[in-house]
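Here is a quick briefing on the fold, the confidence and the side-chain pairings of one model. Have a look at the structure first, then work through the notes.

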Amino acid sequence: MAKRQSKPTSSSSDNKVQPLFPRQSAGWDPLGTGGEERREQSYVRTVKPMSAGQALLMQAIKEHNLTLALGPAGTGKTYLAISSAVTALEKGEVDRIVLSRPAIEAGESIGYLPGDVNEKMAPFLRPLYDALSDRLGAKRLKAMMADGSIEIAPVGYMRGRTLNNAFVVIDEAQNCTYAQIKMLLTRLGWHSTMVLTGDPDQSDLLPGVSGLADIARRLEVVDGISIVRLADADIVRHPLVASMLTVL
């Protein structure tokens with residue numbers, strides 16, 4: 001598994017990691033304010049950006065038919081893409097949501113998985129299910145998957161398709177090769193929106209195999225395509241995640 005490149009360290013005593021979210025600062029606090037001990041994770045109706053980078057991403061998705069969201073873990077790439085997809089579906093802007101994610105294990109093999117294609121892909125799509133459940137509720141999500149409003153489309157089965165009137169989310173795109181991402185991008189049909197999310201620094205492929213960073217660099221000059229690069233300051237998980245990523 002490819003790992004982040006080591007960053008130079010210093011033995012100087014004044015070279016200390018500074019917290020990105022000081023508890024005394026005003027505004028949003030990922031640890032909660034007002035004595036909250038747990039984060040509420042029930043049904044979410046309205047999603048609001050928690051950082052300038054997230055606001056930029058949400059706006060880019062609204063204004064562009066193709067958006068690439070690149071950034072470290074915990075910046076809300078997948079969640080914001082899913083939220084935008086649900087909003088578009090509820091407004092009648094698209095007829096369905098198509099979810100795709102490469103079936104790549106994170107450094108270990110989980111062996112043969114029984115069942116049909118949906119059951120085989122379920123473990124890999126769990127993060128997408130979680131985000132959809134937050135936005136739709138478990139019962140409604142199950143019904144929409146049954147009637148085809150939400151479709152699971154493994155990367156390997158996407159070739160030859162044209163996705164019209166759909167909101168397409170390609171998650172963990174850093175685990176796709178250049179050829180795979182090129183194939184996925186060219187599936188975009190009329191009246192459709194596509195969002196690719198991924199962290200080029202956390203690919204589970206061999207070094208140099210992931211095509212996400214190269215694709216993003218090439219597409220930056222193309223009009224009508226938005227490349228949004230989130231940073232450590234956009235991380236909305238536990239503050240230790242941001243602190244760890246500055247040294248790992």
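Glu-90 is partly exposed at a relative accessible area of 33%, where buried means under 20%, exposed over 50% and partly exposed in between, using a 1.4 Å probe and protein chains only. Its side chain meets that of Arg-140 in a salt bridge, 3.0 Å from N to O; the term covers a side-chain nitrogen of Lys or Arg within 4 Å of a carboxyl oxygen of Asp or Glu. Keep in mind that this is a predicted model: local features need pLDDT of at least 70, side-chain atom pairs count only at pLDDT 80 or more, and totals for chains, interfaces and linings use all residues. Residues are numbered from 1 along each chain as its sequence is written, and side-chain values use heavy atoms, with hydrogens and water left out.

**Salt bridges**

- The structure holds nine salt bridges.
- Arg-140 sits in helix 5 (residues 138-146) and Glu-90 in helix 2 (residues 77-90), so their bridge ties together parts that are 50 residues apart in sequence.
- Arg-140 is partly exposed too, with a relative accessible area of 35%.
- Glu-172 pairs up with Arg-101, and the closest N and O atoms are 3.2 Å apart.
- That pair links distant parts of the chain, 71 residues apart: Glu-172 is in the loop between strand 4 (166-170) and helix 6 (178-185), and Arg-101 is in the loop between strand 2 (96-100) and helix 3.
- Buried or partly exposed? Arg-101 is buried at a relative accessible area of 12%, whereas Glu-172 is partly exposed at 24%.
- Glu-151 and Arg-161 also form a salt bridge through their side chains, at 2.8 Å from N to O.
- Here Glu-151 belongs to strand 3 (residues 150-152) and Arg-161 to the loop between strand 3 and strand 4, ten residues apart.
- Arg-161 counts as partly exposed, with 23% relative accessibility.

**Fold and packing**

- The protein chain has eight helices and six strands; these are DSSP runs numbered from the N terminus, with H or I and at least four residues for helices, and E and at least two for strands.
- Along the sequence the pattern goes α-β-α-β-α-α-α-β-β-α-β-α-β-α.
- Of the 248 residues in the protein chain, 42% are buried.
- Take the contacts (heavy atoms within 4.5 Å) with a separation of 6 or more: 77% of them in the protein chain come from residues 24 or more positions apart.

**Surface**

- The protein chain has an accessible surface of about 14,200 Å², and carbon and sulfur atoms own 52% of that; areas come from the Shrake-Rupley method with a 1.4 Å probe, and for residues only the protein chains shown count as cover.
- Leu-240, Met-244, Val-247 and Leu-248 make a nonpolar surface patch of about 390 Å².
- Patches take residues with over 30% relative accessible area and no salt bridge, joining like charges within 9 Å and nonpolar side chains (Val, Leu, Ile, Met, Phe, Trp, Tyr) within 5 Å.
- Met-244 is found in helix 8 (residues 239-245) and is partly exposed at 42% relative accessibility.

**Confidence**

- The mean pLDDT of the protein chain is 81, and 75% of the residues score at least 70; pLDDT is the predictor's confidence in each residue, from 0 to 100.
- Among the elements, strand 1 (residues 66-70) has the highest mean pLDDT (97) and helix 3 (residues 117-121) the lowest (68).
- Over residues 9-14 the pLDDT is below 50, and this stretch has one contact in the model beyond near neighbours in sequence.
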